Amino acid sequence: MYTLKIRTSRRTQMVNVTAQVQQAVEKSRVTDGLCYVYVPHTTAAITINECADPDVASDLEGAFDRLIPEHGPYKHSEGNSDSHMKTGLVGTSQIVFVEGGKLVLGRWQGLFFCEFDGPRDRHFLVKVVPDIS
């Protein structure tokens, strides 16, 4: 298993981590199998979306902030209730197939670390498991 570190610079931020995950796949020397990506934080997530146009990530950041505003009538008193809800919507893990030592992603797809309570120093985990057959 690989622990990858990331530093975010904004409260809500989508960071393309595809290259870092691909490097972990290459280090694993797994040719064919599954790549698990997991974020062990309650206010951050991981998703797959378009990575060709950076406006998509920017639009997602804005949509999350409009959908679940930072300030609201929340009972949780730490000031990051919206961050927990955004993480619940997106999810903390993704599974990507590995073929020929490469992540199997669509032409425009990439993996994004989703920061909802930044800026922070964070980490996420990558585990690459070979096919048994």
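## Close-up views

**View 1. The cysteine C114 is buried, with a relative accessibility of 0%.** In these legends, buried means under 20% relative accessible area, exposed means over 50%, and partly exposed covers the values in between, with a 1.4 Å probe and protein chains only. This is a predicted model, in which local features need pLDDT of at least 70 and side-chain atom pairs count only at pLDDT 80 or more, while totals for chains, interfaces and linings use all residues. Residues are numbered from 1 along each chain as its sequence is written, and side-chain values use heavy atoms, with hydrogens and water left out. The structure holds zero disulfides, a disulfide being a pair of cysteine sulfur atoms within 2.5 Å. C51 is in no disulfide, and the nearest cysteine sulfur, that of C114, lies 13 Å away. Seen from C114, the closest cysteine sulfur is that of C51, and 13 Å is too far for a bond. C51 is partly exposed, at a relative accessible area of 30%.

**View 2. Three strands make an open antiparallel sheet in the order β2-β7-β4.** Helices (H or I, at least four residues) and strands (E, at least two) are DSSP runs numbered from the N terminus, and two strands pair if DSSP finds at least two bridges between them. Because β2 (13-16) and β4 (44-50) stand at the edges with a single partner strand each, one side of each has no neighbour in the sheet. From one strand to the next, the twist averages 35 degrees; axes are lines fitted to C-alpha atoms, for helices over the stretch in contact, and angles run from 0 to 180 degrees between N-to-C directions. Seven bridges pair β4 with β7 (residues 109-115) in the antiparallel sense. Look here for T47, which stands opposite F112 in β7.

View 3. The buried residues of α3 are S81, D82, S83, K86, T87 and V90. They pack against β4, α2 and β7, where contact means heavy atoms within 4.5 Å. Just after α3, G91 takes a positive phi of about 100 degrees.

**View 4. N80 sits in the loop between α2 and α3.** At 7% relative accessibility, N80 is buried. The side chains of N80 and H76 are joined by a polar contact of 3.1 Å. A polar contact is a pair of N or O atoms within 3.5 Å; within protein, one must be able to donate a hydrogen and the other to accept it, and residues adjacent in sequence count only if both atoms are side-chain atoms. Setting aside neighbours within four places in sequence, N80 is in contact with R11, T43 and D117.

**View 5. Two aromatic pairs are found.** Rings of Phe, Tyr and Trp (its six-membered ring) pair if their centres lie within 6.5 Å; planes under 30 degrees apart count as stacked, over 60 as edge-to-face, and the rest as tilted. The ring centres of F64 and F116 are 5.2 Å apart with planes at 75 degrees, so this pair is edge-to-face. F64 belongs to helix α2 and F116 to the loop between β7 and β8 (121-130), so the pair ties together parts 52 residues apart in sequence. F64 is buried at 14% relative accessibility, and F116 is buried at 0%. F113 and F124 form a tilted pair, because their planes are at 40 degrees and their ring centres 5.9 Å apart. This pair links strand β7, which holds F113, with strand β8, which holds F124, across eleven residues. Both F113 and F124 are buried.

**View 6. Five strands build an open antiparallel sheet in the order β1-β8-β3-β5-β6.** The edge places go to β1 (2-7) and β6 (102-103), each with a single partner strand, so one side of each is left without a neighbour in the sheet. Strands β3 (residues 33-38) and β5 (residues 93-99) run antiparallel and are joined by six bridges. Within this pairing, Y36 faces I95 in β5 as its opposite residue.

**View 7. R29 lies in the loop between α1 (18-28) and β3.** R29 is exposed, at 74% relative accessibility. From C-alpha to C-alpha, R29 and E78 are 43 Å apart in space, and they are 49 residues apart in sequence.
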